Amino acid sequence: RSSSLITKMPQTDDQIVEIVSAALDYAIELSGEEDGWKVEKEEGNATVKIKKNKDDRKVWLCTATVDVAPKVLWDKLLDTDNLTSWNTTLTESKTIKKLPGDVKVSYQVTSEGGGGVVSARDFVYGCKTLVKGGTFTIGGMSVEVAEQPEVKGCVRAVHGPGCQIVQPVAGEPGKSKFIWLMDCDYKGMIPSSIIEIAMPSAQLQMIECISKLTA
(Lines give C-alpha, C1' and ligand atoms only; values in the text may rest on other atoms or scores of the structure.)
Protein backbone atom coordinates (compact mmCIF):
# COMPACT_ATOMS: atom_id res chain seq x y z
CA ARG A 1 0.00 0.00 0.00
CA SER A 2 2.22 2.78 -1.26
CA SER A 3 -0.53 5.31 -0.51
CA SER A 4 0.30 5.05 3.22
CA LEU A 5 3.79 6.40 2.56
CA ILE A 6 2.97 10.07 2.60
CA THR A 7 5.84 12.02 1.09
CA LYS A 8 6.68 14.90 3.39
CA MET A 9 8.53 17.94 2.12
CA PRO A 10 12.25 17.76 2.82
CA GLN A 11 13.59 20.62 4.93
CA THR A 12 16.43 22.85 3.81
CA ASP A 13 19.76 22.71 5.66
CA ASP A 14 19.07 26.15 7.16
CA GLN A 15 15.64 25.02 8.38
CA ILE A 16 17.16 21.90 9.94
CA VAL A 17 19.79 23.92 11.82
CA GLU A 18 17.07 26.24 13.14
CA ILE A 19 14.62 23.44 14.08
CA VAL A 20 17.29 21.33 15.77
CA SER A 21 18.76 24.26 17.74
CA ALA A 22 15.32 25.23 19.08
CA ALA A 23 14.51 21.58 19.90
CA LEU A 24 17.75 21.17 21.85
CA ASP A 25 17.13 24.38 23.83
CA TYR A 26 13.65 23.14 24.78
CA ALA A 27 14.87 19.63 25.62
CA ILE A 28 17.58 20.98 27.95
CA GLU A 29 15.02 23.19 29.68
CA LEU A 30 12.54 20.31 30.05
CA SER A 31 15.17 17.87 31.35
CA GLY A 32 16.08 20.41 34.03
CA GLU A 33 12.52 20.92 35.28
CA GLU A 34 12.01 19.67 38.84
CA ASP A 35 8.24 19.41 38.98
CA GLY A 36 5.67 17.08 37.50
CA TRP A 37 7.76 13.93 37.03
CA LYS A 38 6.49 10.53 38.13
CA VAL A 39 8.96 7.68 38.72
CA GLU A 40 8.14 4.93 36.23
CA LYS A 41 10.97 2.46 36.82
CA GLU A 42 14.11 2.13 38.93
CA GLU A 43 16.93 -0.32 38.31
CA GLY A 44 20.28 -0.21 40.07
CA ASN A 45 21.23 3.48 40.15
CA ALA A 46 19.14 4.32 37.09
CA THR A 47 15.73 6.01 37.32
CA VAL A 48 13.19 6.55 34.56
CA LYS A 49 10.59 9.26 35.13
CA ILE A 50 7.68 10.35 32.99
CA LYS A 51 5.66 13.53 32.48
CA LYS A 52 3.78 15.40 29.77
CA ASN A 53 5.50 18.14 27.78
CA LYS A 54 3.99 21.41 26.55
CA ASP A 55 2.32 19.54 23.65
CA ASP A 56 0.66 17.13 26.12
CA ARG A 57 2.84 14.24 24.96
CA LYS A 58 4.50 11.84 27.37
CA VAL A 59 8.27 12.17 27.64
CA TRP A 60 10.69 9.90 29.45
CA LEU A 61 13.65 11.11 31.52
CA CYS A 62 16.31 8.58 32.42
CA THR A 63 19.10 9.50 34.84
CA ALA A 64 21.97 7.29 35.99
CA THR A 65 25.47 7.51 37.40
CA VAL A 66 27.79 5.31 35.35
CA ASP A 67 31.39 4.17 35.84
CA VAL A 68 32.63 5.79 32.64
CA ALA A 69 34.61 9.04 32.45
CA PRO A 70 32.63 11.89 30.80
CA LYS A 71 35.02 12.33 27.87
CA VAL A 72 35.04 8.60 27.12
CA LEU A 73 31.24 8.41 27.10
CA TRP A 74 30.93 11.61 25.07
CA ASP A 75 33.31 10.35 22.37
CA LYS A 76 31.25 7.16 22.11
CA LEU A 77 27.94 9.06 21.82
CA LEU A 78 29.38 11.35 19.14
CA ASP A 79 30.67 8.49 16.99
CA THR A 80 27.37 8.03 15.16
CA ASP A 81 28.65 5.54 12.60
CA ASN A 82 29.95 3.14 15.27
CA LEU A 83 27.12 3.38 17.83
CA THR A 84 25.91 -0.15 17.10
CA SER A 85 29.28 -1.60 18.16
CA TRP A 86 28.28 -1.03 21.80
CA ASN A 87 24.69 0.32 21.88
CA THR A 88 22.28 -2.61 21.43
CA THR A 89 19.18 -0.37 21.28
CA LEU A 90 20.16 0.31 17.63
CA THR A 91 20.86 -2.07 14.77
CA GLU A 92 21.92 0.60 12.28
CA SER A 93 23.34 4.11 12.65
CA LYS A 94 24.93 6.33 10.03
CA THR A 95 25.63 10.00 9.44
CA ILE A 96 23.71 11.41 6.49
CA LYS A 97 25.23 14.89 6.50
CA LYS A 98 27.00 17.43 8.67
CA LEU A 99 25.72 21.00 8.82
CA PRO A 100 27.00 24.30 10.26
CA GLY A 101 26.72 25.05 13.98
CA ASP A 102 27.70 21.55 15.18
CA VAL A 103 24.53 20.07 13.66
CA LYS A 104 24.35 16.72 11.90
CA VAL A 105 21.64 14.50 10.48
CA SER A 106 21.73 10.76 11.07
CA TYR A 107 19.70 7.71 10.10
CA GLN A 108 19.08 5.05 12.74
CA VAL A 109 17.18 1.80 13.05
CA THR A 110 16.07 0.57 16.48
CA SER A 111 16.17 -2.96 17.81
CA GLU A 112 12.83 -4.66 18.39
CA GLY A 113 11.38 -3.48 21.69
CA GLY A 114 9.25 -4.87 24.49
CA GLY A 115 10.45 -8.44 23.91
CA GLY A 116 9.69 -8.32 20.20
CA VAL A 117 6.22 -6.78 20.65
CA VAL A 118 7.37 -3.50 19.10
CA SER A 119 8.86 -4.13 15.66
CA ALA A 120 11.98 -2.25 14.56
CA ARG A 121 11.56 1.46 13.77
CA ASP A 122 13.74 3.77 11.75
CA PHE A 123 14.13 7.52 12.12
CA VAL A 124 16.00 10.47 10.68
CA TYR A 125 17.39 12.58 13.49
CA GLY A 126 18.84 16.06 13.44
CA CYS A 127 21.12 16.69 16.40
CA LYS A 128 23.34 19.44 17.73
CA THR A 129 26.19 19.22 20.22
CA LEU A 130 27.02 21.65 23.02
CA VAL A 131 30.00 21.58 25.37
CA LYS A 132 29.80 23.94 28.32
CA GLY A 133 31.70 23.92 31.60
CA GLY A 134 32.48 20.21 31.56
CA THR A 135 28.91 19.24 30.59
CA PHE A 136 28.41 17.60 27.19
CA THR A 137 24.98 17.73 25.52
CA ILE A 138 23.69 16.24 22.29
CA GLY A 139 20.08 16.47 21.14
CA GLY A 140 17.48 17.66 18.67
CA MET A 141 14.52 16.05 16.93
CA SER A 142 13.36 14.22 13.81
CA VAL A 143 13.84 15.99 10.48
CA GLU A 144 12.88 15.34 6.86
CA VAL A 145 15.64 14.99 4.27
CA ALA A 146 15.51 13.95 0.63
CA GLU A 147 18.55 11.69 1.17
CA GLN A 148 16.59 9.28 3.37
CA PRO A 149 12.99 8.71 2.26
CA GLU A 150 10.77 6.24 4.12
CA VAL A 151 11.70 2.59 3.64
CA LYS A 152 9.04 0.06 2.71
CA GLY A 153 8.46 -2.44 5.50
CA CYS A 154 9.92 -0.23 8.24
CA VAL A 155 7.77 2.11 10.31
CA ARG A 156 9.26 5.61 10.50
CA ALA A 157 9.18 6.79 14.11
CA VAL A 158 9.21 10.48 14.96
CA HIS A 159 11.29 11.99 17.73
CA GLY A 160 10.17 15.20 19.39
CA PRO A 161 12.70 17.42 21.22
CA GLY A 162 15.09 15.26 23.24
CA CYS A 163 18.67 15.21 24.49
CA GLN A 164 21.42 13.19 26.12
CA ILE A 165 23.57 14.97 28.70
CA VAL A 166 26.87 13.81 30.18
CA GLN A 167 27.96 15.56 33.37
CA PRO A 168 31.04 15.07 35.55
CA VAL A 169 30.61 13.70 39.09
CA ALA A 170 32.44 15.83 41.67
CA GLY A 171 35.53 14.10 43.05
CA GLU A 172 34.98 11.02 40.84
CA PRO A 173 36.86 11.51 37.55
CA GLY A 174 35.99 7.98 36.37
CA LYS A 175 32.22 8.52 36.71
CA SER A 176 29.56 10.41 34.78
CA LYS A 177 25.99 11.39 35.32
CA PHE A 178 24.04 10.44 32.20
CA ILE A 179 20.66 12.08 31.52
CA TRP A 180 18.47 11.04 28.59
CA LEU A 181 15.24 12.87 27.74
CA MET A 182 13.25 10.96 25.12
CA ASP A 183 10.11 12.04 23.29
CA CYS A 184 9.29 9.43 20.66
CA ASP A 185 6.17 8.67 18.69
CA TYR A 186 6.60 5.04 17.63
CA LYS A 187 3.81 5.34 15.03
CA GLY A 188 2.05 2.17 13.85
CA MET A 189 -0.75 0.51 15.77
CA ILE A 190 0.72 0.01 19.21
CA PRO A 191 -1.31 0.31 22.42
CA SER A 192 0.07 2.93 24.80
CA SER A 193 0.38 0.25 27.51
CA ILE A 194 3.05 -1.48 25.38
CA ILE A 195 4.87 1.81 24.69
CA GLU A 196 5.00 2.47 28.41
CA ILE A 197 6.92 -0.79 28.87
CA ALA A 198 9.10 -0.41 25.77
CA MET A 199 10.34 3.15 26.45
CA PRO A 200 11.83 2.65 29.93
CA SER A 201 13.21 -0.76 28.84
CA ALA A 202 15.08 0.84 25.93
CA GLN A 203 16.51 3.54 28.21
CA LEU A 204 17.64 1.04 30.85
CA GLN A 205 19.11 -1.15 28.09
CA MET A 206 21.17 1.86 27.00
CA ILE A 207 22.43 2.38 30.59
CA GLU A 208 23.48 -1.26 30.67
CA CYS A 209 25.38 -0.79 27.39
CA ILE A 210 27.14 2.31 28.79
CA SER A 211 28.10 0.40 31.95
CA LYS A 212 29.78 -2.27 29.81
CA LEU A 213 32.04 0.30 28.11
CA THR A 214 34.53 0.00 30.97
CA ALA A 215 34.55 -3.79 30.94
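**Overall form**

Q: What does the radius of gyration say about the chain of 215 residues?
A: A compact globule with 215 residues would have a radius of gyration near 17 Å, and the chain has 17 Å, so the two agree. The radius is taken over C-alpha atoms, and the globule rule is 2.2 Å times the number of residues to the power 0.38. Along the principal axes, the C-alpha atoms fill a box of roughly 55 × 40 × 35 Å.

Q: What kind of model is this, and how are residues numbered?
A: This is a predicted model: local features need pLDDT of at least 70, side-chain atom pairs count only at pLDDT 80 or more, and totals for chains, interfaces and linings use all residues. Residues are numbered from 1 along each chain as its sequence is written, and side-chain values use heavy atoms, with hydrogens and water left out.

Q: How many helices and strands are in the chain?
A: The chain has 3 helices and 12 strands. Both are DSSP runs, numbered from the N terminus: helices are H or I with at least four residues, strands E with at least two.

Q: What share of contacts in the chain, between residues at least 6 apart in sequence, joins residues at least 24 apart?
A: The share is 57%. Contact means heavy atoms within 4.5 Å.

Q: What is the accessible surface of the chain?
A: It comes to about 11,000 Å², and 52% of that belongs to carbon and sulfur atoms. The areas come from the Shrake-Rupley method with a 1.4 Å probe; for residues, only the protein chains shown count as cover.

Q: Why is Thr 63 called buried?
A: Buried means under 20% relative accessible area, exposed over 50%, partly exposed in between (1.4 Å probe, protein chains only). Thr 63 has 19%, so the label is buried. Thr 63 sits in strand S3. Leaving out residues up to four places away in sequence, Thr 63 touches Asn 45, Ala 46, Thr 47, Phe 178 and Ile 179. Across the chain, 45% of the 215 residues count as buried.

Q: What makes Ala 157 count as buried?
A: Its relative accessibility is 3%, so Ala 157 counts as buried. Ala 157 lies in the loop between S8 and strand S9 (158-159). Its contacts beyond four places in sequence include Asp 122, Phe 123 and Cys 184.

Q: How do you know that the buried residues of H2 line one face?
A: In H2 (residues 70-78), Pro 70, Leu 73, Trp 74 and Leu 77 are buried. Seen down the axis of H2, they fall within an arc of 100°, so they line one face of the helix. The arc is that of the directions from the helix axis to the C-beta atoms. An α-helix has 3.6 residues a turn, so residues three or four places apart point the same way. Cover for the buried residues of H2 includes strand S3 (58-66), strand S6 (121-132) and helix H3 (192-211).

**Salt bridges**

Q: Why is the pair Asp 122 and Arg 156 called a salt bridge?
A: A salt bridge is a side-chain nitrogen of Lys or Arg within 4 Å of a carboxyl oxygen of Asp or Glu. Asp 122 and Arg 156 meet at 3.0 Å, N to O. The pair links distant parts of the chain, Asp 122 in strand S6 and Arg 156 in strand S8, 34 residues apart. Asp 122 is buried at 0% relative accessibility, and Arg 156 is buried at 11%.

Q: What makes Glu 147 and Lys 97 a tie between parts of the chain?
A: Their salt bridge has its closest N and O atoms 3.2 Å apart. Glu 147 lies in the loop between S7 and strand S8 (155-156) and Lys 97 in strand S4 (residues 90-99), so the pair ties together parts 50 residues apart in sequence. Glu 147 is partly exposed at 45%, whereas Lys 97 is buried at 16%.

Q: How many salt bridges are found in the whole structure?
A: The search finds 12.

**Cysteines**
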